[in-house]
Amino acid sequence: MNAPASPRRVIVAITGATGAIYGVRLAQVLRAAPGVETHLLVSPAGMMNVQHELGLGKADTEALGDVVHNVRDIGATIASGSFRAEAMVVAPCSMRTLAAVANGLSDNLITRAADVILKERRRLVLMVRETPLNLAHLRNMTAVTEMGGIVFPPVPGFYQKPATIAELVDHTVGRVLDLIDVPQTLAPSWAGLNGQV
Ligand SMILES: Cc1cc2nc3c(=O)[nH]c(=O)nc-3n(C[C@H](O)[C@H](O)[C@H](O)COP(=O)(O)O)c2cc1C
């Protein structure tokens, strides 16, 4: 077995669901996190949404990754389990990508990398986004959960009283960082009702 990677490698994939801000913010925070090497992938539909929702171009988006992969490059490092990427977050995750992951359909580098993460029993977080949900969506989420993946819809919490969209997004991103064991200050621990202002 290869030694664990140093720095820690985290894969961030942005797919074509609405909520591109989650992937972009996550990549920004990981880029600044000491000891983390971010591998970024953006699907064509994901890039459409990044441009539409955030006004970010391809070059600015790709600058968020330490390493940027083309989703068609199925020969990339992260397509192999021998490359020690310890976690992957799909943020946001479309129902199409969810379906492909749930069925082991490695039809591009995003779904192949997710397949590898699952087979190597590493951490996979899918920030699935759609509403309402049909039975295929629900069954696919169940399948991913049964395989050890974490289904994390970006449903905001209001108990921290977010005043802006940025605060709301940061809280959700902070909870994802907790799941992949990256120290964060975006989502402080709940101090109990008596500890709140
Ligand atoms: C503006 C826009 C918003 C979309 N929002 C969603 C969404 O919230 N959830 C979803 O599953 N698909 C959504 N889609 C559709 C996906 O982008 C589409 O299914 C695409 O094929 C997904 O491909 P990918 O998984 O390779 O990124 C949206 C598409 C557009 C253009």
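Me: What should I know about the model before I start?
Reply: It is predicted, so local features need pLDDT of at least 70 and side-chain atom pairs count only at pLDDT 80 or more, while totals for chains, interfaces and linings use all residues. Residues are numbered from 1 along each chain as its sequence is written, and side-chain values use heavy atoms, with hydrogens and water left out.

Me: How are the helices and strands named?
Reply: They are DSSP runs, numbered from the N terminus: helices are H or I with at least four residues, strands are E with at least two.

Me: How do I read helix packing, and at what angle do α4 and α5 pack?
Reply: Axes are lines fitted to C-alpha atoms, for helices over the stretch in contact, and angles run from 0 to 180 degrees between N-to-C directions. Here α4 (residues 95-102) and α5 (residues 109-119) pack at about 45 degrees, with axes 9 Å apart. That makes α4 oblique to α5. Under 35 degrees counts as roughly parallel, over 145 as roughly antiparallel, 65 to 115 as roughly perpendicular, and the rest as oblique.

Me: Which residues of α4 and α5 make the contact?
Reply: Contact means heavy atoms within 4.5 Å. From α4 come Arg96, Thr97, Ala100 and Val101; from α5 come Ile110, Thr111, Ala114 and Leu118. By class, that is five nonpolar, two polar and one charged residues. Ala, Val, Leu, Ile, Met, Phe, Trp, Tyr, Cys and Pro count as nonpolar; Asp, Glu, Lys and Arg as charged; the others, Gly among them, as polar.

Me: What is the hand of the crossing where α4 passes α5?
Reply: A crossing is left-handed if the near helix is turned anticlockwise from the far one by less than a right angle, and right-handed if clockwise. α4 passes α5 in a right-handed crossing.

Me: Now α1. At what angle do α1 and α7 cross?
Reply: The axes of α1 (residues 20-32) and α7 cross at roughly 60 degrees and come within 10 Å. The two helices are therefore oblique to each other. α1 passes α7 in a right-handed crossing. On the α1 side, the contact uses Ile21, Tyr22, Arg25, Leu26, Val29 and Leu30. On the α7 side, the residues are Leu168, Val169, Asp170, Thr172, Val173, Val176 and Leu177. They divide into 10 nonpolar, one polar and two charged.

Me: How do α1 and α2 pack?
Reply: α2 (residues 44-54) packs on α1 at about 95 degrees, with axes 9 Å apart. The pair is therefore roughly perpendicular. Ala20, Ile21 and Val24 of α1 meet Asn49, Val50, Glu53 and Leu54 of α2. This contact has five nonpolar, one polar and one charged residues.

Me: Which residues come nearest the ligand?
Reply: A residue is near a molecule or strand if one of its heavy atoms lies within 4 Å of it. There are 14 residues around the ligand, and Ser43, Ser94, Met95, Thr97 and Arg129 come nearest.

Me: What should I look for in the backbone?
Reply: Most residues other than glycine have a negative phi, and most peptide bonds are trans. Ala91 and Pro92 are joined by a cis bond, with omega about -5 degrees. Pro92 sits in strand β4 (residues 87-93). The bond from Thr131 to Pro132 is also cis, with omega near -10 degrees. Arg121 is not a glycine, yet its phi is positive, about 60 degrees. Arg121 lies in the loop between α5 and β5.
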